[in-house]
Amino acid sequence: MLTEFGKIFVFILLAAIFVVVALFVAKLIRPKRPTKEKLSIYECGEDPVGSPWVKFNIRFYVIALIFLIFDVEVVLLFPWALSYKEYGVYGFLVGLIFLLILTLGMAYEFRKGDIQWARPEPKAINLKKLFTKESQIDNSSEIKE
Amino acid sequence: MNLYDLIFYLFAAVTLLSAAVVVSSKNIIYSAFSLVLTFFGVAGLYILLGADFIGVVQILVYVGGIMILLLFGVMLTNKITSVDIRTGTVNVLPSAIAIGVFMGLVTSIMIWTKWVSFPTETPLTTTNELGKLLITEYVLIFELLAILLLVALIGAASIARRDKE
C-alpha cells in the first residue's frame, strides 16, 4: 500500500541510490593517473584565468525577485487547481481573476523594462540607420534612452 | 520500528546532518547548498506528518525561491574577486552556554509534556480541502493575496531597478 508521496519517495530513493552506485562503481573500475592538465579546471579548452567566484550581474537578482513572487503564486494556485473543477465556471473565474491581477504586475515589469536584460549603453551611433524596422520595435525602449 | 519510523529517521538524519554542514562548513557556498538539503529534509518530515501542502510549499518556496535569493545574495554582495568568502567561528563559550540552556529547555518540555497521539495509518491529504476553502469561504482572501503579491512584485522591481536617468 503506497500513497502518492510514497511513490515520490521511492523515486527519490532510487535516484539517490543510482547516483551513489554509479559514482562508487566508477571509482572502483576507472584507472587513476592524474596529471596537472587533468586536474586543472576545465574551461572550454581555454587556460583558466582568475577566480571562478565572479561577481554576478545585479540583473540576476531582479529576475530572482520576480521569480520568487511567481513562485508564491504557483503555491497559491496549487490548491485551487486541485479543486476548481467541482465549482464549474465560478471556480474557474476565481482563478482567472487571481491570474489577471498578477498579469498586471507582469505587464508592469514588461513596460518598465525590468525583464529586459541590462545591456551596455549604446554608443553614439545612429541606431535608426543600423536597425531594420523590426528590430527597432524590439529595442524601442533602448533607443528612447 | 516500522517502515514509517524508518523513513522518518532517514529524513531526520538528512536534516540534521546537512544542518551540521551548514554551520560547520568554512565555505559559505557549501553552507548555502547544504541548506537546500536541510529544507528538503524538513519538507520530507512535513509530508510524513500529513501536512502535504506545507511540504509542497516548503519545497517550492524555500528550496526553490529562498535558496536562489540566498545564493544570489552571497554572489552579489561579496566582493568575491578580492575577499575570501570564508566564515570563522567566534564567541564559542557564550553560544555554547546559550545553546545548552535552549537544548535543556526544549528537551525538558519534550519529556514532560503529555503528548496525545492520534493513530492514523494514512493521513488525509489537506491540499484539496484547502483549495475548496480558498474558492468558497476565503475567496476574497484568495484574491487579496493576488493583490498582495502584485504589490510585492511592483515594490521589489521598483526598489531593485537600476536608476535610469
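Predicted model: local features only at pLDDT ≥ 70, side-chain atom pairs only at ≥ 80, totals over all residues.
Two residues are in contact if their C-beta atoms, placed from the backbone, lie within 7 Å. In total, 43 residues of chain B are in contact with 45 residues of chain A.

**Chain B**

- Chain B contains 6 helices and 0 strands, and its pattern along the sequence reads α-α-α-α-α-α.
- Of its 165 residues, 16% count as buried.
- Among the contacts in chain B between residues at least 6 apart in sequence, 55% join residues at least 24 apart.

**The side of chain B that touches chain A**

- A total of 43 residues of chain B take part in contacts with chain A.
- Two or more residues each are given to this side by helix H3 (52-77), helix H5 (127-135) and helix H6 (139-160) of chain B.
- H6(B) supplies the largest share, 14 residues.
- By class, this side of chain B has 30 nonpolar, 7 polar and 6 charged residues.

**Helix H3 of chain A**

- Helix H3 of chain A covers residues 59-83, which is 25 residues.
- From its first C-alpha to its last, H3(A) reaches 37 Å, close to the 36 Å expected at 1.5 Å a residue.
- H3(A) bends by about 30° at Leu77(A), and the proline Pro79(A) follows within four residues.
- The buried residues of H3(A) include Leu76(A), Leu77(A), Pro79(A) and Trp80(A).

**H3(A) against H5(B)**

- The axes of H3(A) and H5(B) come within 7 Å and cross at roughly 95°.
- Angles of 65 to 115 degrees count as roughly perpendicular, and H3(A) is therefore roughly perpendicular to H5(B).
- On the chain A side, Phe78(A), Pro79(A), Trp80(A), Leu82(A) and Ser83(A) meet residues of H5(B), among them Thr127(B), Leu130(B), Leu134(B) and Ile135(B).
- The contact of H3(A) with H5(B) has 7 nonpolar, 4 polar and 1 charged residues.

**H4(A) against H6(B)**

- Helix H4 of chain A (residues 88-112) and H6(B) have axes that come within 9 Å and cross at roughly 10°.
- Angles under 35 degrees count as roughly parallel, so H4(A) and H6(B) are roughly parallel to each other.
- Residues of H4(A), including Val94(A), Phe98(A), Leu102(A) and Tyr108(A), meet residues of H6(B), including Phe142(B), Leu149(B), Leu153(B) and Ala157(B).
- The residues of the contact between H4(A) and H6(B) divide into 16 nonpolar, 1 polar and 3 charged.

Terms used:
Residues numbered from 1 in each chain as written. Chains lettered and ligands numbered in written order. Buried ≥ 20, exposed ≤ 12 C-beta atoms within 10 Å, placed from the backbone. Nonpolar A, V, L, I, M, F, W, Y, C, P; charged D, E, K, R; others polar. Expected span 1.5 Å × (residues − 1). Bend = angle between axes of the 7 residues up to and from the residue. Axes fitted to C-alpha atoms, helices over the stretch in contact; angles between N-to-C directions. Parallel < 35°, antiparallel > 145°, perpendicular 65-115°, else oblique.
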